[in-house]
Amino acid sequence: MSNHSCIEIANEWGIVSARQAGRELSKEIGFGSVDQARITTAISELARNIYLYTEIGKIDLEEISDNHKNGKVRGIKVVASDKGPGIENLRDVMIDGFTTSGGLGAGLPGVKRLMDEFDIESIPGEGTTITTIKWLR
Amino acid sequence: MRIPILKLGRYLLISVQVELDDQTALQFQEDLLNKIHQEGSLGVVIDLTSVDMIDSFIAKVIGDVVEMSSLMGAKVVLTGIQPAVAITLIDMGVSLQEVQTALDLEQGLERLQQELGG
Amino acid sequence: MRSIVLQHMIDNKDHYIEQWRVSFGELLFSRSESTIKPQYIQDEMKEEFVSVIFDTLTMDRHSRRAVVKRFAERLIHDGWVVSEFIMSLQRLRRIVMKDLSNHYDKEKFVDLSGELEDWLDEQITDLTTEFAKNHEEVKAIQNVALKELSAPLIPVFDKIVVMPLIGTIDTKRASQIMENLLDGIIEHRAQVVLIDITGVPLVDTMVAHHIIRASEAVRLVGAECLLVGIRPEIAQTIVNLGIDLGNFTTKSTLKKGVEAALQMTHRDIITNEEPVTGGGLN
């Protein structure tokens, strides 16, 4: 009974539909308004990265649960993957203010702060996969 | 999609009621600057009560629009930023330091009036 | 089917109980809050523990678990420390093991000691699981209590609210406080918030960081923050740690803060020339 959806990011509208889907799913899981905003914003950042730097990619949203010491904990898993150029220097992109697009440079480090878990894998020339999770507290 | 800009004396009022996608945000930036130029407006209130998400790109567009307006001689006050949106912006390290804010449209107009001397 | 070990223990019940009692000797059963209990209460508890362990030998897993569970609940309720019960179970293991090694040949002994371990593990797991579960429950209740206690927002004048912070501020509490603060500002249409840190025992970089974040968020929703109640030692630590509160309006007392807030909202405190009965603002 996993709740799963996948949004292709091929144009700007993909960004909007990804974050709408994220808001809906996070609401359904039971996140409060602040966490809903955090999750939606993180999705928007991830989707925008795909749109800006690669031709095409996708955002996968999934409801997950894990056995925690207080019993079962629900959460949302957001996976952004693309077949773009990859990221040469992972260390740089995680620095606040680092930007190659003229934005605020808050993108990836911002996503890391908005979510509970953050993992990035990138192979130059092959693509990037970013996995983030927010747990329902 | 275009965001309507209302004129109220020397001020401009904007209430953002749509989900802000990149194109709409950029279009709005352009429309607002043209309107300020056209009307010679001294103050602008942008009400964001209905906006439920501001990511770093939208924040950048808003910050830019404030700076550009001020270059053209119009003070901008942002109003109605929701608590959840404010917390998310702070989490991301975006504090919009240079931007003036007020609780709602009414207080935003008051603020402009005070600063521009009635 | 009952294992040979358990049958063995049932058959030699009196012998084992006797030996186990002796091994209890130097073990102090205690409660967490008061270190040592009167001797007779300790003895009572030891006897009860003995009978729980040995009476349940004849039961199946299910009813055994129910008894252990009930026992654990009682221990928790009276505030006993679980580690001593587990230690005493480990002593029982030593006693039975030694006995088994005297009674059976090596090969049989290996089998039997495995059975014994399984049974003991089961008891220990049941006991500790119950304890852990209960601890979590207590923690959850305390968290709720803390949440209710944390950071009320008090409207003092039109457009002015005060939030007194009391106690240590950790990250979890800080985000709770931030949400209360922002929601309260909207609800009361406040323009100035006074954050009173008189009751905060310690301001380190972490706490300062939370306060700075809160004030930035307050500014974004359209109000302003005043930090009041800065005691001399707090001022010292803030400067010594190199924390920059430059963008902050700070006042030493709540009273001065309220005066400043009234000024910021364009209001004055006026002393009436005629004495006012029943007290005025001053």
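Helix 8 of chain C runs over residues 205–221, and at 1.5 Å a residue its 17 residues should span 24 Å, which agrees with end C-alpha atoms 24 Å apart. (The expected span is 1.5 Å times one less than the number of residues; helices, H or I of at least four residues, and strands, E of at least two, are DSSP runs numbered from the N terminus.) This is a predicted model, where local features need pLDDT of at least 70, side-chain atom pairs count only at pLDDT 80 or more, and totals for chains, interfaces and linings use all residues. Residues are numbered from 1 along each chain as its sequence is written, chains are lettered from A in the order in which they are written, and side-chain values use heavy atoms, leaving out hydrogens and water.

**Helix 8 of chain C**
- Its buried residues (under 20% relative accessible area, 1.4 Å probe, protein chains only) include His210(C), Ile211(C) and Arg213(C).
- The buried residues pack against helix 3 and strand 5 of chain B, plus helix 7, strand 3 and strand 4 of chain C.

**Where chain A meets chain B**
- Here 24 residues of chain A are in contact with 20 of chain B (heavy atoms within 4.5 Å).
- The rule finds six salt bridges across this interface (a Lys or Arg side-chain nitrogen within 4 Å of an Asp or Glu carboxyl oxygen).
- One pairs Glu19(B) with Arg19(A), with the closest N and O atoms 2.7 Å apart.
- On chain A's side, helix 1, helix 2 and helix 4 each supply at least two residues.
- Helix 2 of chain A gives the largest share of that side, nine residues.

Notes. Buried < 20%, exposed > 50% of the residue type's maximum accessible area, 1.4 Å probe, protein only.
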